[in-house]
Amino acid sequence: MKIYDYRQELITLLENTSSDPASLLQTQRSLTTILNILNHYAEGQGNRPVPAVKKPRFHQHQVNRDQQPLPTAAKKQLKSLLTGPAKEVTDTKPAIHVRPAEKEAATPKEITPEERLAADNRYLVHRKLSGAEINHRYYSEAILHHLPFPVEDGDIVELDPQQTVRGLPAIRRVTSDHLTDYQPEKINVLEYAKLTAVPGSDVLQISSTMKENSILDTAPANTVVVDPFKYPGRDLKAGMVIDYAYYDRGNGLKDAADGSIRWIHEKTDFDTTKQPAKPKKVKKVTNTRHDYEKKLDYDLKQRTVLVITGVRDKVQGLKPVITKHHGVFHGLDASAEEKVSSSTLKREIRNADFVIVCIDAIHHRISQLANHHAKRYDKPLAIANVTSNTAVERAVGRALNGDPAYAVASEKID
């Protein structure tokens, strides 16, 4: 008689049992039914009387390997209780099928680049027309505007959870990291644009910028209308100077029309394209040059003098001027405006005792920032109109004596 092999059905039954209570209960019931069937046919097997004490029994933790093959009726009933058809005994190993849930659990979850950055408190910047989203939090334009460095879309910034600004982790710096799969959306900003009135209308418009580097400055007819009713509470008026941002999708003025106001400037910082206002000319007095020459005989007492100039070849040539007066020279090459950031100027000025700015070959933004940081850290600052030994020497004398930053008209530069 052919022996029916029911092991594969038991294996399949257990493989298709999940961890939820309902599935476990169903499998327990099936195994109990199978054991009852096996015990039933084991009791009726043959004509030999079986003692009650030694009568074999099947339990869930024990299988009698010497048991005779089951009758045909038991085989048919097992087929209806177990999953899958009855199989003959073969030498091939049964295929093991893994359920999707088990397959997902076996595969470790891959760490994304953003999760790696977040481990070091670094997060991607999603710049908006006004403000930015960083680590699923909104940073207002007021917070970003007061940073000593710009923050653009796609930058990676490092946050300091120990310091907060308006309840948000402070932005420490912009790192050199970048996410290659992130495509930043191009945002154009019309900086320092003056609002003007539209005759016969309640709306305002901007038609040019003070920096003269925007789409509005290419043609007189290019204008952008600004509706004051879109910005309640800001009290927009003609004459205000704003920064206006818009998404550049290649449609020119059509894209600009869908933009928004990013920032409203105070009157004190309307125009950063001009150099600091020079003092009024004073009436020439006698013996001015003689008195000034006496002031050139000063002693810096090993204090540090920072000289900012845009003439790269003359940076080291100014060192003997400071050394002659027993000072420590430190030069800053500002010939490339894009390489001189606000944070760099702040660091250099903070470490100096006197600041001299040669304005003949540097960008106006640098002179503005130098003046701003010098006032902030209470450092004496003087302006040299040209990059020369005499002009720098006289400027150091003015800074040392607390005189005006600019030279008076009677002081001729050799």
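Q: Is Glu141 buried or exposed?
A: Glu141 has a relative accessible area of 7%. This is a predicted model, in which local features need pLDDT of at least 70, side-chain atom pairs count only at pLDDT 80 or more, and totals for chains, interfaces and linings use all residues. Residues are numbered from 1 along each chain as its sequence is written, and side-chain values use heavy atoms, with hydrogens and water left out. Buried means under 20% relative accessible area, exposed over 50% and partly exposed in between (1.4 Å probe, protein chains only), so Glu141 counts as buried.

Q: How many residues apart in sequence are the parts that Glu141 and Arg262 tie together?
A: Glu141 and Arg262 form a salt bridge with their closest N and O atoms 3.9 Å apart (a side-chain nitrogen of Lys or Arg within 4 Å of a carboxyl oxygen of Asp or Glu). Glu141 belongs to helix α6 (residues 141–145) and Arg262 to strand β11 (residues 260–264), so the separation they bridge is 121 residues.

Q: Which residues are linked with Arg127 in a network of salt bridges?
A: Arg262 is buried, at 9% relative accessible area. The network joins Arg127 to Glu141 and Arg262.

Q: What is the relative accessibility of Arg249, the salt-bridge partner of Glu185?
A: The closest N and O atoms of Glu185 and Arg249 are 3.0 Å apart. Glu185 sits in the loop between β5 (168–174) and β6 (187–194) and Arg249 in the loop between β10 (241–247) and α7 (253–257), so the pair connects parts 64 residues apart in sequence. Glu185 is partly exposed at 37%, whereas Arg249 counts as exposed at 54%.

Q: In which strand does Asp333 lie?
A: Asp333 and Arg312 meet through their side chains in a salt bridge of 3.1 Å, N to O. Arg312 lies in the loop between β12 and α9 (319–324), and its partner Asp333 lies in strand β13 (residues 328–333).

Q: Which residue stands opposite Val357 in β15?
A: Strands pair if DSSP finds at least two bridges between them. β14 runs parallel to β12 (residues 304–309), with four bridges, and Val307 is opposite Ile356 there. β14 also pairs in the parallel sense with β15 (residues 381–384) over four bridges. In that pairing, the residue opposite Val357 is Ile383.

Q: Which residues of helix α1 are exposed?
A: In α1 (residues 7–15), Gln8, Glu9, Thr12 and Leu13 are buried. They cover an arc of only 140° around the axis, so they share one side of α1 (the arc is that of the directions from the helix axis to the C-beta atoms). On the other side of α1, the exposed residues are Arg7 and Leu14.

Q: What is the distance from the backbone oxygen of Pro404 to a polar atom of the side chain of Arg398?
A: Arg398 lies in helix α12 (residues 389–401) and is buried, with a relative accessible area of 3%. The distance from its side-chain polar atom to the backbone oxygen of Pro404 is 3.3 Å.

Notes
Helix = DSSP H or I, 4+ residues; strand = E, 2+ residues; numbered from the N terminus. Polar contact = N/O pair within 3.5 Å; in protein donor to acceptor, adjacent residues only side chain to side chain.
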